[in-house]
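User: I am new to this structure and would like to learn how to read its features one at a time. Could you give me the general idea for each feature and then the case at hand?

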Amino acid sequence: METEREFRVKGIATDVTTYEWEEDDIVNKAPVTVEKISKRKGGFTVYMRGLTQDYEWYFSKGLTTITVMDNNKGIKIEHEDGTYWLELQYNEELLEFLKEFMEE
């Protein structure tokens, strides 16, 4: 099983401060490029390059929602508690790589 793959997928990474968040709780909404995704036991890590810093975000199987948005215009990867999410350009290869983490 392949456990790591490089990508060049552009998107927006959004991070909020609280569970009961409002629009003003968004601390970080940054344009990013997903450079690599690494699978690990129980989840995966997304490695991203932003304009001013790099990010590593961790997602766990069963606590992550991966959805295709707007008739294949984008992909949303969201942590279950809704405190951070990625909205990415649609990429079939990325979806195929993460299919084991998508709910049936």
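Analyst: What follows is a walk from the overall layout to the core, the aromatic rings and a few individual residues. This is a predicted model, in which local features need pLDDT of at least 70 and side-chain atom pairs count only at pLDDT 80 or more, while totals for chains, interfaces and linings use all residues. Residues are numbered from 1 along each chain as its sequence is written, and side-chain values use heavy atoms, with hydrogens and water left out.

User: Which residues have the most contacts inside the largest nonpolar core?

Analyst: A nonpolar core is a set of buried Ala, Val, Leu, Ile, Met, Phe, Trp, Tyr and Cys residues joined through side-chain atoms within 4.5 Å. The largest one has 24 residues, and those with the most contacts inside it are Ile37, Phe44, Met48, Ile77, Leu86, Leu94 and Leu98. Strands S1 (4-16), S2 (26-40), S3 (43-50), S4 (54-60), S6 (74-79) and S7, together with helix H1, each supply at least two residues of this core, and S2 gives the most, with four residues.

User: What does Leu86 touch?

Analyst: Contact means heavy atoms within 4.5 Å. Not counting residues up to four places away in sequence, Leu86 touches Ile12, Ala13, Val32, Val46, Met48, Trp57, Phe59, Ile75, Lys76 and Ile77.

User: How is a pair of aromatic rings described?

Analyst: Such a pair is described by the distance of the centres and the angle of the planes. Rings of Phe, Tyr and Trp (its six-membered ring) pair if their centres lie within 6.5 Å, and planes under 30 degrees apart count as stacked, over 60 as edge-to-face and the rest as tilted. A search of the whole structure finds six aromatic pairs. Tyr55 and Trp57 form one that is edge-to-face, with 6.4 Å from centre to centre and 70 degrees between the planes. Tyr55 is buried at a relative accessible area of 11%, and Trp57 is buried at 10%. Both belong to one aromatic cluster formed by Phe44, Tyr55, Trp57, Phe59, Tyr84 and Phe101.

User: Which charged ends sit over rings?

Analyst: A charge sits over a ring if NZ of Lys or CZ of Arg is within 6 Å of the ring centre and within 35 degrees of the ring normal. The charged end of Lys36 lies over the ring of Tyr47, 4.6 Å from its centre, and that of Lys61 lies over the ring of Phe101, 5.9 Å from its centre.

User: Where does Asn91 lie, and what does its side chain reach?

Analyst: Asn91 is in the loop between strand S7 (84-89) and helix H1 (92-97). A polar contact is a pair of N or O atoms within 3.5 Å; within protein, one must be able to donate a hydrogen and the other to accept it, and residues adjacent in sequence count only if both atoms are side-chain atoms. The side chain of Asn91 reaches the backbone nitrogen of Leu94 at 2.7 Å. Leaving aside neighbours within four places in sequence, Asn91 is in contact with Phe7, Val9 and Ile75.

User: Is Gly74 buried or exposed?

Analyst: Gly74, in strand S6, counts as buried because its relative accessibility is 2%. The C-alpha atoms of Gly74 and Asn91 are separated by 7.8 Å, although the two are 17 residues apart along the chain.

User: What is the phi of Asp70, and what is that of Asn72?

Analyst: Phi of Asp70 is near 45 degrees, a positive value in a residue other than glycine, and Asn72, also not a glycine, has a positive phi of about 70 degrees. Asp70 is found in the loop between strand S5 (64-69) and S6, and Asn72 has its place in the loop between S5 and S6. Asp70 is exposed, with a relative accessible area of 56%, whereas Asn72 is partly exposed at 45%.

Terms used:
Buried < 20%, exposed > 50% of the residue type's maximum accessible area, 1.4 Å probe, protein only.
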